[in-house]
Amino acid sequence: MTKLKLYGVAASLLALTTYANAAEVPITGNVASKCTIFTDTEGVYGNPSPDKLSTAPADGGVLPVVRYDVAIADYYKAKISWPNNFSTSPNLTDALAWDGTVEVSSTSDVGMAGYEAAKVEYDNHTEYDLTVAGSTWFKVTSTVLYGQGKSLPGGTYTATVTAECIAK
Amino acid sequence: MGDVLPDASAPHITLQINGLIYRYTAVKDPETGMIVHVRNEDAIDGGYVFEETDDWSGLPGTTIQKFFSLPYTDSTRWGDGEIAVEGEGSVVDANVVYSYRMDIGQEQITCLNPLSSPECPGFLDALRKYLANLDNLSPDDPFYDQWVQAQLEKETKLEEETVANEEDQEEEDLEKELSAENTMDDLIDSGQQAAMLAALTQVPKIETYYTVTIPGGEYQDTVILEDAEIPDNRRAMRSLARDETHRSMVRSQYDRNQ
């Protein structure tokens, strides 16, 4: 009986010791983005005809330009969408016909020369595979026609180009 | 570099280049080979102080722009620049921008004319020379205040010198008056004396002393002594005899003792 009692006390002490030494050690870390997007130039709509708005310089507009900076090669895709609706505008009672294009404006490396040829377009989206580290500038053309030869109401029109950096 | 960079040939000015951005559009067939060199000659050591090569071989042409952050290099090393193309293709819309820092020794530049700032070395000397050549100054002149101040100081200095001279003269006069070596000339105003004598010698004033007439005449003798016999004084003769006797008696005593 004595021995059993002793064993029981020793087991209890071991259990207590093990429980007291347990600890939780946190681990934190920050990941800096390796792909950043900057607005290089804000766009302006020109109004070459009563029913048309366009960012083309020939139409009196200014092309918006967005820059992608990629620190590591071949980890990201650029997805740029030309607008298909107005963020703000006067009350419109007729249909709008949207169109647009996205092109490589310039690059910081010769190896990016193939981006334009390799781009993928669908709907109002354009995707580029960013296979080379460095900066790439993309210019966006946006055009909108109002109704069937109908004059656009006077006021301020605002549309937005969406640029995303998607990890592959 | 021609006139691409600002002129830094003036003294106390240095120009250093610390960055470069270039941009151009390569026009070429993707199948052809093309190499583009963007570079600047090294005007001092020879070769190139900057050179970047873009190999477009097998690639389509596009617009490229590159930025380079460089260690500060004196602009004198940066010689003529060029964008050279090897192979088939061309470069259009080329643009090169240099980032530079211009150091201007502001104090040295400003003080090329010492009058530019009171902080410049030699300002006071230059100001004195400038003001010395002016008789009058317009209030619009930038140194009008200094000129007025200088005039006031000049007047004050003149007054101080006058007072000092007067004090010195007073001290000198006092010293002379107290001196034991006074001469007649110092004590008497010789000029005043001469003037006085000259006044006295004037005939009309001294004539009266010379022309006084003293009334006189002949003074006749009033006492007439008639001839007569004057007898000897017997009493005197006797007295003299007694005196002689007495003297001989006294004398005889002395003679006997001998």
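In what order do the three strands of the open sheet in chain B run, and is the pairing parallel or antiparallel? Here are my notes, with that answer in point 2.

1. Ground rules. This is a predicted model, in which local features need pLDDT of at least 70, side-chain atom pairs count only at pLDDT 80 or more, and totals for chains, interfaces and linings use all residues. Residues are numbered from 1 along each chain as its sequence is written, while chains are lettered from A and ligands numbered from 1 in the order in which they are written.

2. The three-stranded sheet of chain B. The order is E3-E2-E5, and the pairing is antiparallel. Strands here are DSSP runs (E, at least two residues) and helices are too (H or I, at least four residues), numbered from the N terminus; two strands pair if DSSP finds at least two bridges between them. E3 (48-55) and E5 (78-87) of chain B stand at the edges with a single partner strand each, so one side of each has no neighbour in the sheet. On average, neighbouring strands of this sheet are turned by 10° against each other, direction ignored; the axes behind that angle are lines fitted to C-alpha atoms (for helices over the stretch in contact), and angles run from 0 to 180 degrees between N-to-C directions. Strand E2 (residues 34-42) of chain B pairs with E5(B) over eight bridges in the antiparallel sense.

3. The four-stranded sheet of chain A. This open sheet has the order E8-E9-E5-E12, again with antiparallel pairing. Strand E8 (120-122) and strand E12 (162-167) of chain A are the edge strands, each pairing on one side only. Neighbouring strands are turned by 20° against each other on average, direction ignored. Between E8(A) and strand E9 (residues 125-130) of chain A there are three bridges, in the antiparallel sense, and Glu121(A) stands opposite Thr126(A) in E9(A).

4. Chain by chain. Chain B has seven helices and six strands, running β-β-β-β-β-β-α-α-α-α-α-α-α from the N terminus on. Of the 168 residues of chain A, 24% count as buried; for the 258 residues in chain B the figure is 9%. A residue is buried if 20 or more other C-beta atoms lie within 10 Å of its own, exposed if 12 or fewer, and partly exposed in between, with C-beta atoms placed from the backbone.

5. Nonpolar cores. A core is a set of buried Ala, Val, Leu, Ile, Met, Phe, Trp, Tyr and Cys residues joined through C-beta atoms within 7 Å. The largest one has 35 residues, and those with the most contacts inside it are Ile80(A), Phe138(A), Ala26(B) and Trp56(B). Strand E1 (residues 13-27) of chain B gives the largest share, five residues. Apart from this core lies another, of five residues, including Tyr45(A), Val144(A), Tyr146(A) and Leu152(A).

6. Contacts. Two residues are in contact if their C-beta atoms, placed from the backbone, lie within 7 Å. Leaving aside neighbours within four places in sequence, Ile80(A) is in contact with Val66(A), Val102(A), Thr126(A), Phe138(A), Val140(A), Val161(A) and Ala163(A). Among contacts between residues at least 6 apart in sequence, 73% in chain A join residues at least 24 apart, and in chain B 68% do.

7. Met112(A). This residue lies in the loop between strand E7 (96-107) and E8 of chain A. Met112(A) is buried, with 24 other C-beta atoms within 10 Å. Not counting residues up to four places away in sequence, Met112(A) touches Thr107(A), Val132(A), Gly134(A) and Thr136(A).

8. Helix H3 of chain B. H3(B) has 35 residues and reaches 51 Å from its first C-alpha to its last, close to the 51 Å expected at 1.5 Å a residue; that expected span is 1.5 Å times one less than the number of residues. H3(B) is hardly covered, with a buried count of zero. Gln146(B) is found in this helix (residues 144-178) and is partly exposed, with 19 other C-beta atoms within 10 Å. Beyond four places in sequence, Gln146(B) touches Leu127(B) and Leu131(B).
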